[in-house]
Amino acid sequence: MKLSISLMTANKTLLHSVTLVCFIFIILFVVAPYQTTAINNKPNKENILIIRRLTNNYYEPVLGSDSITIPLRRVGRLFLIEAQIDDQIGNLIFDTGAMGLVLNKTYFRNHLVIDDHNSNGINGAISSVSNTTIDKVNISELKYKNVRADLTDLGHIENKRGVKILGLLGFSMIKGFEILIDVNHNQLKLFKIDKKGNRVNMSDFKFHADLMQPIETANNILFLKASIGGKKLNFCLDTGSETNVISSNSSNQVLNTINITRRSALQGSGSKNSEVLYGNMSNFILGNQSFTEMETIITNLDALSDAYGVKIDGVLGYNFLNKGIICINLGKKQLSICFAKSVKI
């Protein structure tokens, strides 16, 4: 995204932000409560990484260690990262379903607003979203300056989880690294890579993949192809989603493979209700690997598709991420998985 974005581009980004927030709100209420896992998060001063914002609003590491490990604090099936944003200290939700940095306006009311208007959410709710610029963002050893961010209300997430939520950490903030997501050990590892996607320090942690799959990006969102019931589908990878999601507009060929366990009419952050079906996917195939009994919900994803600018058939969230260690390398346009030994697939 260019610094001098057009109103059309800004509206699209803002629409995504509020759509995403409403989507997270739905997920919070359809997934049963889970215990909180606390992690000690003290950055190592010797491994500080300075991050530079490029003219297209992307970010790249310019100075510091070749790799860092960021502890993840689990709250339910959300993953929090301790951060300092200007003078505020709190938590960011690690959310690859977010295009960039989305902040809770409760804590940043005094910041200069670049744009402010209403936008529709995933279930018809209307919320106010605006843009601002943050002077500094410190996340573990990562140090950002002059960061563009969206502002919206995240109070419903705070109220549900009982923790201070400063915002959402989107994919564009770390896309310049090779990314290892290990939710079973509550760790996020980042490795510096060259333009071809090779690590600059090959002696760092070795990753042995059991499965490799090509990935695509659009508007700083990750997409990969998989199939259900022999039907090829487009999924986004979303670390901020507490469960997998299948579009209710999918064909019967897809929906008939899902064992429905119950249904519910849920109210989002607006006045409209959204029907959600609970079930288990038993015929999900990624590459040459079949995954069985993955928990999922079925709901309408039209608003999310509009926000991303890409038609999506589903979302891969926690129930996919916990299958093992996920490696994302945009330089090689590749997603790899090292399956956990205890995981049944």
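This is a predicted model: local features need pLDDT of at least 70, side-chain atom pairs count only at pLDDT 80 or more; totals for chains, interfaces and linings use all residues.
A residue is called buried here when its relative accessible area is under 20%, exposed when that area is over 50%, and partly exposed in between (1.4 Å probe, protein chains only).

Residues are numbered from 1 along each chain as its sequence is written, and side-chain values use heavy atoms, with hydrogens and water left out.

Let us start with the overall picture. The protein has five helices and 27 strands, taken as DSSP runs numbered from the N terminus (helices are H or I with at least four residues, strands E with at least two). Of its 345 residues, 58% are buried. The accessible surface comes to about 14800 Å², and carbon and sulfur atoms account for 47% of that area; the areas come from the Shrake-Rupley method with a 1.4 Å probe, and for residues only the protein chains shown count as cover. Taking contacts between residues at least 6 apart in sequence, 66% join residues at least 24 apart, where contact means heavy atoms within 4.5 Å.

How far can you trust each part? The predictor's confidence in each residue, pLDDT, runs from 0 to 100. Its mean for the protein is 81, and 73% of the residues reach 70 or more. Over residues 1-15 pLDDT stays under 50, and the model has 34 contacts beyond four places in sequence for them.

Although Asp86 is not a glycine, its phi is positive, at about 50°. Glu293 likewise has a positive phi, near 55°, in a residue other than glycine. Glu293 is found in the loop between β23 (289-291) and β24 (294-299), and at 54% relative accessibility Glu293 counts as exposed.

Next come the charged pairs. A salt bridge is a side-chain nitrogen of Lys or Arg within 4 Å of a carboxyl oxygen of Asp or Glu, and by this rule there are four. One of them joins Arg77 and Glu295, with the closest N and O atoms 2.8 Å apart. Arg77 lies in the loop between β5 and β6 and Glu295 in strand β24, so this pair ties together parts that are 218 residues apart in sequence. Arg77 is buried at 9%, whereas Glu295 is partly exposed at 32%.

Another salt bridge pairs Arg161 with Glu242 at 2.9 Å between the closest N and O atoms. This pair links distant parts of the chain, 81 residues apart: Arg161 is in helix α2 (residues 155-161), and Glu242 is in the loop between β18 (231-237) and β19 (244-247). Both residues, Arg161 and Glu242, are buried. Asp313 and Lys311 also form a salt bridge, at 2.6 Å from N to O. Here Asp313 counts as buried at 12%, while Lys311 counts as exposed at 61%.

Finally, the cysteines. A search of the whole structure finds zero disulfides, a disulfide being a pair of cysteine sulfur atoms within 2.5 Å. Cys327 is buried at 5% relative accessibility, and Cys338 is partly exposed at 23%.
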